[in-house]
Amino acid sequence: MASTAVNAYNASEEQSAEEARVIVSAFAYSTVALIIVIGNGLVFTVYRTNSEVREVPFNRFILYLAIADFMSGTVALPLFAARYFFKFVLTGGAQLFFEWGFRFPLLLASFIIVLMTVDRYKLVKDPIEYEISKSNAKNDKTFILVLIFSAVYANIYYVTLAIINPRTSSRKQQLVILTAVHIWQVVINVAIPLVIIIIVNGMFLFRLKKELDKFSAGQSVSQSRGQGCADQPLPSPPITTVSEAVVAINLVSIRQSIRTANKDLEADTTKVQRADTEPVVPARPRRRKLLRITRNLTILVSVYLLCYLPLTIFVYLPLFGFNHDAMPRAGRVATFIIFLNSAINPFLYAATSRTYKRGMQRIICRRT
């Protein structure tokens with residue numbers, strides 16, 4: 001009797017804890033989904049109504065990423081939450097559609113971040129060519145290609161799983177196949193997108209370092225030229241006669257003329273393009289622009305990688321034999337953190353882009 005009562009009490013406690021987790025999870029999912037829809041909907045409105053935002057080519061890529069994040073909040077997150085709350089089992093085409101709807105927006109966001117980095121790389125590499133070739137129509141075609149590629153890529157793992165049936169007569173063979181399938185899942189859904197992002201951002205940082213080194217070399221050359229003639233004082237001989245005094249006065253005027261000429265030369269070198277140098281961009285503003293571009297892109301990519309880091313660690317744990325009863329719950333938490341990235345991004349746009357910030361302030365102040 002006592003053991004039965006204890007078991008009943010433990011069962012009721014577990015049920016109460018599970019109900020509390022469900023309530024907290026439902027509130028968290030609903031809140032994040034609402035923030036994703038409102039935040040990215042605001043990004044759509046700003047881009048559509050503000051011509052200042054549309055004039056900046058990079059803001060087009062922010063619009064693409066907002067589309068992917070909006071799909072994450074309206075499609076991927078509800079599917080993920082429905083499977084957790086209702087615990088239904090899917091097979092065949094239903095499972096294929098469910099997994100596609102869940103993974104497609106997340107993979108699309110990953111590949112759009114790659115596009116954003118490639119766009120910044122082109123700007124750093126050759127600003128004049130970038131300004132000449134920039135086109136929203138061209139960017140839209142690239143986005144459509146990435147959209148199609150992401151839609152196909154999202155089903156590679158599950159199509160492979162359908163082709164390779166892990167149900168075999170031998171349990172040992174079945175275990176080997178399931179391990180290989182899990183490795184394939186990790187490679188397709190996590191490793192390849194992250195590796196592409198890391199490689200592209202590494203190329204961007206390498207090119208940025210080369211450009212900054214050019215600026216440093218150009219400044220040192222200009223300083224050595226100016227110091228060679230004007231900054232180094234000429235020796236002044238002792239003045240003993242009137243004629244020597246006149247010569248000394250003329251020498252002072254010559255020095256002043258040399259200083260003025262050197263200053264004019266330094267000013268002209270920041271405006272005139274030479275045949276063996278980079279495009280016509282003043283050194284200091286160009287350097288500040290590169291650093292601002294790097295800061296904004298680093299913020300977006302860093303937040304993305306931080307949100308994906310828990311899931312990346314989680315999917316690799318079974319490969320090293322780590323299994324625990326809390327693994328399913330940890331997997332749900334790690335996946336939920338990914339959706340936080342879609343909720344945070346609109347705030348990052350306002351923090352890194354002055355045009356988006358002004359556009360959002362106008363819309364919010366107008367409605368309040």
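Colleague: Before we start, what should I keep in mind about the model?

Modeller: The model is predicted, so local features need pLDDT of at least 70 and side-chain atom pairs count only at pLDDT 80 or more, while totals for chains, interfaces and linings use all residues. Residues are numbered from 1 along each chain as its sequence is written, and side-chain values use heavy atoms, with hydrogens and water left out.

Colleague: Okay, how many helices and strands does the chain have?

Modeller: Elements here are DSSP runs, numbered from the N terminus: helices are H or I with at least four residues, strands are E with at least two. In this chain there are twelve helices and zero strands. Read from the N terminus, the order is α-α-α-α-α-α-α-α-α-α-α-α.

Colleague: And contacts: what share join residues at least 24 apart?

Modeller: A contact means heavy atoms within 4.5 Å. Taking contacts between residues at least 6 apart in sequence, 82% join residues at least 24 apart.

Colleague: How much of the chain counts as buried?

Modeller: Buried is under 20% relative accessible area, exposed is over 50%, and partly exposed is in between, with a 1.4 Å probe and protein chains only. Here 35% of the 368 residues count as buried. The accessible surface, from the Shrake-Rupley method with a 1.4 Å probe and only the protein chains shown as cover for residues, comes to about 22000 Å². Carbon and sulfur atoms hold 66% of that surface.

Colleague: Why is Ile 199 called partly exposed?

Modeller: Ile 199 is also in helix 8, and it is partly exposed because its relative accessible area is 48%.

Colleague: Now the core. Which residues touch the most other members?

Modeller: The general idea is that in soluble globular proteins, nonpolar side chains tend to be buried together. A nonpolar core is a set of buried Ala, Val, Leu, Ile, Met, Phe, Trp, Tyr and Cys residues joined through side-chain atoms within 4.5 Å. The largest one here has 76 residues, and Ile 112, Met 116, Phe 339 and Tyr 356 touch the most other members. Helix 4, residues 92-125, gives the most to this core, with 14 residues. Setting aside residues up to four places away in sequence, Ile 112 touches Phe 61, Tyr 64, Leu 65, Ala 68 and Phe 143.

Colleague: Last one: what is the volume of the largest cavity?

Modeller: Rolling a probe the size of a water molecule over the atoms shows where empty space is left. On a 1 Å grid over the protein atoms alone, a cavity is a set of points where a 1.4 Å probe fits but cannot get out, and lining residues have an atom within 4 Å of a point. Grid points are joined across faces, edges and corners, and the volume is the space filled by probe spheres set on the points. The count gives one cavity of 30 Å³ or more, and the largest cavity has a volume of about 40 Å³.

Colleague: Which residues line the largest cavity?

Modeller: Among them are Asp 69, Ser 72, Tyr 304, Tyr 308 and Asn 341. Helix 3 (58-86), helix 4, helix 10 (283-316) and helix 11 (327-352) each give two or more residues to that lining.

Methods: On a 1 Å grid over the protein atoms alone, a cavity is a set of points where a 1.4 Å probe fits but cannot get out, and a pocket is an open set with protein on both sides within 12 Å along at least five of seven lines; lining residues have an atom within 4 Å of a point.
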